[in-house]
Amino acid sequence: MNSRPEHPAWNQALAQLQARVGAQTFELCLEPIALRNIEDNLISLAAPSRFIKDWFEDHYLAEVLVELEKVCGHPMTAQIEVDPELEAAHSAADDNQSPDVPTVSAAPTASETGVTAGGAPSEFAAPARRPRGLINRYDFSSFILGASNELAASAARAASENPGQRFNPLFIYGGVGLGKTHLLHAVGHALYERDPTTRISYISAEQFMNEFVTAVRQNRFDEFRSRYRNDCDCLLVDDIQFIAGRDRTMDEFFHVFNSLYEAGKQIVVTADCVPSQMKGMEERLTSRLNWGLVADIQAPDLETRLAILYEKSSRESLALQPEVAMEIAKHVKSNVRELEGALLRVMALAELRGANLSPEFVREVLMLRSDPQKAVTVESIQKAVAQYFTVKVADLKGSRRHRAISRPRMIAMYLSRELTRASFPEIGMRFGGKDHSTVINACKRISALENDDADTETALTSIRARLSPS
Ligand code: ADP
Ligand code: MG
């Protein structure tokens, strides 16, 4: 009999999460995810529904990738497909599974193994070779247009239709969770669909820096140079603010930019603010980033929020009543990621409790965690930590590594994870655009120190008390 593929790295990642998320969430959102394959730097997974896939991607994928990188020794990307057959297999296997095995438990079907009975590769076994790192669902068709994002979205579309021409470079900026990364991926998908031979590099600025540093250290700079300067028709860089103040990386990016620009290649960059406001960014770079179009994304208005909710629920084949959508859209205003999170939470809890989805239910679920009087936010944590250690909030968001700053910063990240629902990537963004792996490492350090170091323990106790006086 076939057995479902297992992999120590995957098992370890799941076990890490299981320890943290609690049994109910683990059962609902993690256990149903099936490992299909791990090969080179690609892990292929399957989820029984789009709902679970999205939830997993939004909340846990980043952590899983960090764990995998540790075990495999190199960065991994994930590909997740929806396979409704899994659901049946999963519930059938529920009857005879051991409850505390942290691996997935359903028996595999032919389609899950990626090879059909005749040996011909199934659709899954032969995935289209999308550029590395692009998330499938971040394409133009799932991006809802509204006044808040119209300019950025139409420029992104134009850049993907006529790359290297009118909007080059295209610079998209805006706050956390407003769709910058989504648009960047959408450009990648559209270019790929237009011409699959286009060589597209999608990379976060932090990854760019890491790859650059590693290339230099391992004497493989030529490889790096040709990857980004020569063998690239379109460069998509996410969160460019990250490299501000990192001189050698800025210098290298400058040369990459020039090579591509001169060769008429399309460059799209996102950031959390306009080029000129990026502290520590070299003038010659900010001026280049201003050469093309600079487009902002603002928080969505009510209509756009409603449209996003409908889009999301119809993708998951969930019926969303107008009054329920309105209730959610009224509550969550400033961030599309939170809007999606709210919808998922409401849907998941309704399903779990067998409750009727009504506006009252939405209020009950959302008020539970967003009473503005009591809510602890990443910002309130940063303030409290800054006060406690008498440092500046700006230092917590900056990149100085002196212990007097880095310890409070790690503590603030740790408390953000503990006391808010923010994901690792989101916390990273709010700390000046750091990568999720930085946040995860900080959380681990502080979690270890909490038991071993009296100062850290005292700091945590008193900051927690400040944040929730009761
Ligand atoms: P950012 O990079 O600006 O922090 P993301 O691109 O990661 O934000 O977006 C956060 C989430 O919100 C993603 O799941 C994305 O698909 C969704 N989202 C943002 N804007 C839109 C939109 N206009 N239409 C549909 N989904 C959106
Ligand atoms: Mg982003």
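1. Glutamate 340 has a polar side-chain atom 2.8 Å from an oxygen atom of ligand 1. This is a predicted model, and the distances here should be read as belonging to that model. Threonine 181 places an N or O atom of its side chain 2.7 Å from an oxygen atom of ligand 1, while at leucine 178 a polar backbone atom lies 3.1 Å from an oxygen atom of the ligand.

2. How much of the accessible area of ligand 1 does the protein cover? Taken on its own, ligand 1 has 550 Å² of accessible area, and the protein covers 96% of that. Two elements give two or more residues each to the shell around the ligand: helix H8 (180-194) and helix H15 (336-353).

3. The shell around ligand 1 holds 18 residues, and the closest of them are Gly177, Lys180, Thr181, His182 and Arg337. By class, seven of the shell residues are nonpolar, seven are polar and four are charged.

4. Strand S6 (residues 234-238) is mostly covered, with five of its five residues buried. On one side these are Cys234, Leu236 and Asp238, and on the other Leu235 and Val237, so both faces are covered, given that buried means under 20% relative accessible area.

5. S6 has a parallel partner in strand S5 (residues 200-204), with five bridges joining the two. Within this pair, isoleucine 200 stands opposite cysteine 234 of S6. S6 also pairs in the parallel sense with strand S7 (residues 266-271), here over four bridges. Leucine 235 has isoleucine 267 in S7 as its bridge partner. Between S6 and S7 the chain passes through helix H11 (residues 247-262), and this β-α-β crossover is right-handed.

6. Lysine 265 sits in the loop between H11 and S7.

7. Proline 169 belongs to the loop between H7 and strand S4 (170-174). The peptide bond that joins asparagine 168 to proline 169 is cis, with omega at about -5°. A colleague checking the backbone may wish to look at this bond in the model.

8. Strands S1 (residues 34-39) and S2 (residues 42-47) run antiparallel and are joined by five bridges. One bridge pairs isoleucine 38 with isoleucine 43 in S2. The two strands form a hairpin with two residues between them.

9. Two residues other than glycine have a positive phi value near 45°: aspartate 40 and threonine 390. Aspartate 40 is in the turn of the S1-S2 hairpin and is exposed because its relative accessible area is 64%. Threonine 390 lies in the loop between helix H17 (378-389) and helix H18 (393-397). Threonine 390 is likewise exposed, with a relative accessible area of 71%.

10. Serine 142 is in the loop between helix H6 (110-113) and helix H7 (150-161). Why does serine 142 count as buried? Its relative accessibility is 9%, and the limit for buried is under 20%. The side chain of serine 142 reaches the backbone oxygen of arginine 137 at 2.6 Å.

Methods:
Residues numbered from 1 in each chain as written. Chains lettered and ligands numbered in written order. Predicted model: local features only at pLDDT ≥ 70, side-chain atom pairs only at ≥ 80, totals over all residues. Heavy atoms only, no water. Buried < 20%, exposed > 50% of the residue type's maximum accessible area, 1.4 Å probe, protein only. Pairing = 2+ DSSP bridges. Right-handed = clockwise from strand over helix to strand, strands pointing away. Near = heavy atom within 4 Å. Polar contact = N/O pair within 3.5 Å; in protein donor to acceptor, adjacent residues only side chain to side chain. Areas by Shrake-Rupley, 256 points an atom, 1.4 Å probe, with all protein chains shown as cover. Nonpolar A, V, L, I, M, F, W, Y, C, P; charged D, E, K, R; others polar.
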